[in-house]
Amino acid sequence: ESMPPEDLIKAINRLFTPATAAVLEHSGFLDKYMGDAMMALYGAPLDVPDKEKEACRSAMKIMERMDKVRAEFKAEGKPDVRMGVGVNAGEAIVGNMGSTERFNYSAIGDAVNTASRLEGLTRPYGVRIVVSEKIVERAQDEFLFRWLDTVQVKGKKKGVKIYELMCRLSDPVAPEKRRLKEQYEAALERFVAGDMAGCLALCEKNTFP
């Protein structure tokens, strides 16, 4: 709201350029831009080995580059911007969709919808990257994930476990992040079990922000 349309377009382009490069550098396919959002596919139209890990690598790189752009915006007196990423794995229908006159190569399906919902959860949970349980199963030997919650995302009847992608296991901060993850998850397990006193006791000792 605080920016004229022409300045807004320039700002969005400055965000999209490094984010798009992060997708392409890890074998992703840029599906589309949607206003101030973007959608990428991994494993289509060509199969990609370790596509779940490649998607996570892209997400990490997007955040690293967003920090640089945010610093530039701050130095220029522009509004702060934040970007969230949702990552999911699953089957989808992929191909040319649209009308007889105009069509677009894209993907549709429950897995795609869930990825979009995960992105939308980054803000209320105060994290930058939210992933599904399938991603954790297939990428936990390279990345550290924190169980955030079990939620009912729009369009699904069953609860879905959501996780934060915290860092790479090889990162220098990984041991400290793991300690915080274990503190948080121990309290969350007490909460889920209905042990509020136990949860509160752990939260009081918790050094998690």
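**Labels and their cut-offs**

Tutor: Helix 1 (residues 5–24) has 20 residues, which at 1.5 Å a residue should span 28 Å, and its end C-alpha atoms are 28 Å apart, so the two values agree. The expected span of a helix is here 1.5 Å times one less than its number of residues. This is a predicted model, in which local features need pLDDT of at least 70 and side-chain atom pairs count only at pLDDT 80 or more, while totals for chains, interfaces and linings use all residues. Residues are numbered from 1 along each chain as its sequence is written, and side-chain values use heavy atoms, with hydrogens and water left out.

Student: What makes a run of residues a helix or a strand here?
Tutor: Both are DSSP runs numbered from the N terminus, a helix being H or I with at least four residues and a strand being E with at least two.

Student: Which residues of helix 1 are buried, and what covers them?
Tutor: The buried residues of helix 1 are Ala11, Ile12, Leu15, Phe16, Pro18, Ala19, Thr20, Ala22 and Val23. Buried means under 20% relative accessible area, exposed over 50%, and partly exposed in between (1.4 Å probe, protein chains only). The cover over these residues includes strand 1, strand 2 and helix 2.

Student: Why is Lys181 called buried?
Tutor: Lys181 has a relative accessibility of 14%, and therefore counts as buried. This lysine sits in helix 5 (residues 174–192). Leaving aside residues up to four places away in sequence, Lys181 touches Leu144, Phe145, Arg146, Met166 and Phe208, where contact means heavy atoms within 4.5 Å.

Student: How do you know that strand 1 and strand 2 pair?
Tutor: Two strands pair if DSSP finds at least two bridges between them. Strand 1 (residues 28–34) and strand 2 (residues 37–42) run antiparallel and are joined by 6 bridges, Lys32 having Met39 in strand 2 as its bridge partner. The hairpin of these strands has 2 residues between them, and Gly35 takes a positive phi near 65 degrees there.

Student: What are the partners of strand 6, and in which sense do they run?
Tutor: Strand 3 (residues 85–87) pairs with strand 6 in the parallel sense over 3 bridges, and Val85 has Ile129 as its bridge partner in strand 6. Strand 8 (residues 160–168) runs antiparallel to strand 6, with 3 bridges joining them, and Ser132 stands opposite Ile162 in strand 8. In strand 6 (residues 129–132), Ile129 and Val131 point one way, Val130 and Ser132 point the other way, and all are buried.

Student: What makes the contact of Arg57 and Glu54 a salt bridge?
Tutor: A salt bridge is a side-chain nitrogen of Lys or Arg within 4 Å of a carboxyl oxygen of Asp or Glu. The side chains of Arg57 and Glu54 meet at 3.0 Å, N to O, in a salt bridge. Because they are 3 residues apart in helix 2 (residues 51–75), about one helical turn separates Arg57 and Glu54, and both are buried.

Student: Which salt bridges link distant parts of the chain?
Tutor: One of them is formed by Arg168 and Glu64, with the closest N and O atoms 3.5 Å apart. That pair links Arg168 in strand 8 with Glu64 in helix 2, 104 residues apart. Glu64 counts as partly exposed because its relative accessibility is 40%.
Tutor: Another is formed by Arg128 and Asp67, with the closest N and O atoms 2.7 Å apart. That pair joins Arg128, in the loop between helix 3 (110–120) and strand 6, to Asp67 in helix 2, 61 residues apart. Arg128 is partly exposed, as its relative accessible area is 32%, and Asp67 likewise counts as partly exposed at 35% relative accessibility.
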